[in-house]
Amino acid sequence: METETLLLVLAIIAGTYMAWNIGANDVANAMGTSVGSKALTLWGAVLVAAVFEFTGAFFVGSRVTKTISKGIISLDIVTGHELEFACGMVAALLAAAIWLNIASRLGWPVSTTHSIIGAVIGFGIVLGGMVAVNWVQVLQIVLSWIISPISGAVIAVAVYVLLVLPIYRSKQPARQLRRIVPPATAMVFFLLSLSMFYKGLKNLNLDMPAGEAIVIAAIVGAVAAGIAHVLMSRRKLHNSTHLAARLRQTEPVFAILQVITACYMAFAHGANDVANSVGPLAAVVAVVRTGVVSQEAAVPLWILATGGVGIVIGLATYGHRVIATIGKRITAITPSRGFSAEFGAATTVLVCSKLGLPVSTTHTLVGAVVGVGLARGIRGLDLRVVRDIGVSWLATIPFTALITVVLYYILRTIVL
């Protein structure tokens, strides 16, 4: 078998394995709170992910990806070493996928993007030494370990305190529920619409200016609030003093909002992250076809399809461990707490991405879940689980970098 053909076959195998692990870990993050709160069953979450992740990845997923993730290493380093670069990208895919597999086995929610970045750092050091790595960029990524969870926690707690607790503390919970649900619904649909139009599904030409996007999102939010008001006015509610009765009439409402938010997060993940996660596969395909390493590479539809199918299968077959961590082990999740966490995470990702701040969706969601747990007091958290997750975040980049170095030398010996 020719070298280029062998590299392509290995890249496809590694990319498929990577897609499976993205589903087992990354997508399980997005679905974890919905399953933990029982707003969705496990198979309901798989169905939602199957529809929205695949739709986002295949139909509106990015058709172009950066070949060297996040500008971590210079393009000059790999110029003239095209086949070594292809070997490095295969090694990076395998290393990131192995780490995700280990993390999923242990129930640790880790960042797919950071796994790939760590792998690329390892490859860059092998090819060009320590000076080949953009360490300022790496420092920004490290800062995201702090920015992401704290931002998610702050917004999630604010949502929980301002929207949920007033219902349970009110002497007239039915009236309070009717008063709060319409603006909460407006907030959800405003955020989701703004994410679509302003964060930009560029392949659908929806990357609108901020002012225009805000106006359209506000209209969508207002319509959603009006519908919610009509539905809540028709809903039979009682001003019971018993907590169990308040839970029965309040939590189902937040469960609906939580599922809507989870659908958005799944769609956005498919549209915005899958191509980046399997970017090394696109890079290898580009090198095999053209013999040149460029800063960006086209992402063929079959790669997007591989990502879309792989993540759904990964969630269905191995996502339950990470779902259990997010939905049960960190803190007890109800639909209202799950909604607060999902809304906090989605808001943080939208705002920080537009401010140019480096954030991880995984880290943000975990921080949001920890935040709603802290809103109940420190005893509401399993601190051992939080500690283990923190350690896994710190280990991601050095582990994938080291494994990439080992795999690169093995692949280079076999292929080249």
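Predicted model: local features only at pLDDT ≥ 70, side-chain atom pairs only at ≥ 80, totals over all residues.
Helices are DSSP runs of H or I, at least four residues, numbered from the N terminus.

I then listed who makes the contact (heavy atoms within 4.5 Å). Helix 5 brings residues including His114, Gly118, Phe123 and Leu127, and helix 16 brings residues including Thr396, Thr400, Tyr408 and Tyr409.

**Asn21**

I checked Asn21 in helix 1 (residues 3-36). Asn21 is buried at a relative accessible area of 0%; buried means under 20%, with a 1.4 Å probe and protein chains only. A polar atom of its side chain lies 3.3 Å from the backbone nitrogen of Asn101. Leaving out residues up to four places away in sequence, Asn21 touches Asp26, Ala97, Leu100 and Asn101.

**Ala346**

I found Ala346 in helix 14 (residues 335-355), buried at 4% relative accessible area. Its C-alpha is 9.5 Å from that of Val188, 158 residues apart along the chain. With residues up to four places away in sequence not counted, Ala346 touches Leu191 and Tyr264.

**Ground rules**

Residues are numbered from 1 along each chain as its sequence is written. Local features need pLDDT of at least 70, side-chain atom pairs count only at pLDDT 80 or more, totals for chains, interfaces and linings use all residues, and side-chain values use heavy atoms, leaving out hydrogens and water.

Conventions:
Helix = DSSP H or I, 4+ residues; strand = E, 2+ residues; numbered from the N terminus. Buried < 20%, exposed > 50% of the residue type's maximum accessible area, 1.4 Å probe, protein only. Polar contact = N/O pair within 3.5 Å; in protein donor to acceptor, adjacent residues only side chain to side chain.
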